[in-house]
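This report describes the fold, the salt bridges and some single residues of one protein. Please keep the sequence and the structure in view while reading.

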Amino acid sequence: MLEAPPDGPPALHVENVDVTYGRALSALRSVSLTVPSGAVVALLGANGAGKTTLLRAVSGTLRLHRGAITAGRIRYGETVLDGRDPVAAVRAGVVQVPEGRRVFAGLSVDENLRSGGLGLGRRGRAQVQEARERVFALFPRLAERTHQAAGLLSGGEQQMLAIGRSLMAAPRLLLLDEPSLGLAPRMVDRIAEVIREINAQGTAVLLVEQNAGMALSLADHAHVLEVGETRLSGPAGELARTDAVRRLYLGESAEDQGAA
Ligand SMILES: Nc1ncnc2c1ncn2[C@@H]1O[C@H](COP(=O)(O)OP(=O)(O)O)[C@@H](O)[C@H]1O
Ligand SMILES: [Mg+2]
């Protein structure tokens, strides 16, 4: 495995990727996208479009869901990620926060966080401590609740814990799957702020969202998936102005657009 170039973390390249589940179900067809070093890229699309599938393909977790990459290539810098396992992705610096904020409900906040660095092999105490401090600086609420069972946290706090746990692996690229789903508007704003801050600290983000307004406000670039294929791609600001995105994903009616 080659080291990252001295000029910074690498870019993610997804090239013409096909994914199928089981024998027959085609979930992605010839999907390509790039997440440049340090960028925020949004992946939008309706339920079932294939957004989660793409994240699984990148993070090496597809096989756990009986899925397989049947064509194409996924590279993070010089590291080939397709056909690898989740540990290989985490070691390369690519970490996924799964949808549905899956935390270990019976474990404490602290135990959940500690589970986030596993799989990385031996790490110095100082490194782990540094990662913890970064998490607590981002999420002071978690610092106040280190001994509380994760299952007793609010939905928003659980999402923060899920993100915090992934940060324990010190990712250079974070794959976020619908972090705003089911949260109250105020909490959605808070999550958006946190994503901005994580990115400002140098971590690139591939952000899957159904909340297109939130995602496009954060992203440099965006892609819209439609039943397994890329329908639109471009700079986030440009996509936010296209009729299709405004109508389908920003909740505007045709009349709104006529009036605008
Ligand atoms: N584990 C699985 N086994 C079989 N089909 C799946 C599995 N996961 C997802 N799919 C199917 O793949 C397609 C894309 O799903 P998904 O990636 O979850 O979409 P999204 O995240 O955009 O809602 C859907 O048709 C879905 O039913
Ligand atoms: Mg999904």
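## Contacts and overall form

Among contacts in the protein between residues at least 6 apart in sequence, what percentage join residues at least 24 apart? The figure is 67%, where contact means heavy atoms within 4.5 Å.

This is a predicted model, in which local features need pLDDT of at least 70, side-chain atom pairs count only at pLDDT 80 or more, and totals for chains, interfaces and linings use all residues. Residues are numbered from 1 along each chain as its sequence is written, chains are lettered from A and ligands numbered from 1 in the order in which they are written, and side-chain values use heavy atoms, with hydrogens and water left out.

The protein has eleven helices and ten strands. Both are DSSP runs numbered from the N terminus: helices are H or I with at least four residues, strands are E with at least two. A compact globule of 260 residues would have a radius of gyration near 18 Å, and the protein agrees with its 18 Å. That radius is taken over C-alpha atoms, and the globule rule is 2.2 Å times the number of residues to the power 0.38. The C-alpha trace spans about 55 × 40 × 40 Å along its principal axes.

## Surface and charge

Of the 260 residues, 49% count as buried. Buried means under 20% relative accessible area, exposed over 50%, and partly exposed in between (1.4 Å probe, protein chains only). The accessible surface comes to about 12400 Å², and 51% of it belongs to carbon and sulfur atoms. These areas come from the Shrake-Rupley method with a 1.4 Å probe; for residues, only the protein chains shown count as cover.

The protein has 29 positive and 28 negative charges, and their mean positions are 7 Å apart. Lys and Arg count as positive and Asp and Glu as negative, while His and the chain ends are not counted. The place of a charge is NZ of Lys, CZ of Arg, CG of Asp or CD of Glu.

## Salt bridges

A salt bridge is a side-chain nitrogen of Lys or Arg within 4 Å of a carboxyl oxygen of Asp or Glu. The count by this rule is ten. One of them pairs Arg 75 with Glu 15, with 2.9 Å between the closest N and O atoms. This pair links distant parts of the chain, since Arg 75 is in strand 4 (residues 67–76) and Glu 15 in strand 1 (residues 12–21), 60 residues apart. Arg 75 is partly exposed at 26% relative accessible area, and Glu 15 is partly exposed at 28%.

Asp 82 and Arg 73 also meet through their side chains, at 3.1 Å from N to O. Asp 82 is buried, with a relative accessible area of 13%, whereas Arg 73 is partly exposed at 37%.

A further salt bridge joins Glu 157 and Arg 141 at 2.5 Å, N to O. Glu 157 belongs to helix 6 (residues 155–167) and Arg 141 to helix 5 (residues 140–143), 16 residues apart. Glu 157 counts as buried at 7%, while Arg 141 is partly exposed at 41%. Salt bridges that share partners connect Arg 141, Glu 144, Arg 145 and Glu 157 in one network.

Helix 1 (residues 51–59) is mostly covered, with nine of its nine residues buried. Just after helix 1, Gly 60 takes a positive phi of about 80°.

Arg 56 lies in helix 1. Arg 56 is buried yet has no salt bridge; Glu 99, the nearest side chain of opposite charge, is 4.7 Å away. Apart from neighbours within four places in sequence, Arg 56 contacts Tyr 21, Thr 61, Leu 62, His 65 and Gln 96.

Asn 47 sits in the loop between strand 3 (40–44) and helix 1, and is exposed with a relative accessible area of 70%.

Most residues other than glycine have a negative phi. Asn 16, in strand 1, has a positive phi of about 50° although it is not a glycine. Asn 16 is partly exposed at 44% relative accessibility.

Ala 170 is likewise not a glycine and has a positive phi of about 50°. Ala 170 lies in the loop between helix 6 and strand 7 (173–177) and is partly exposed, at 45%.
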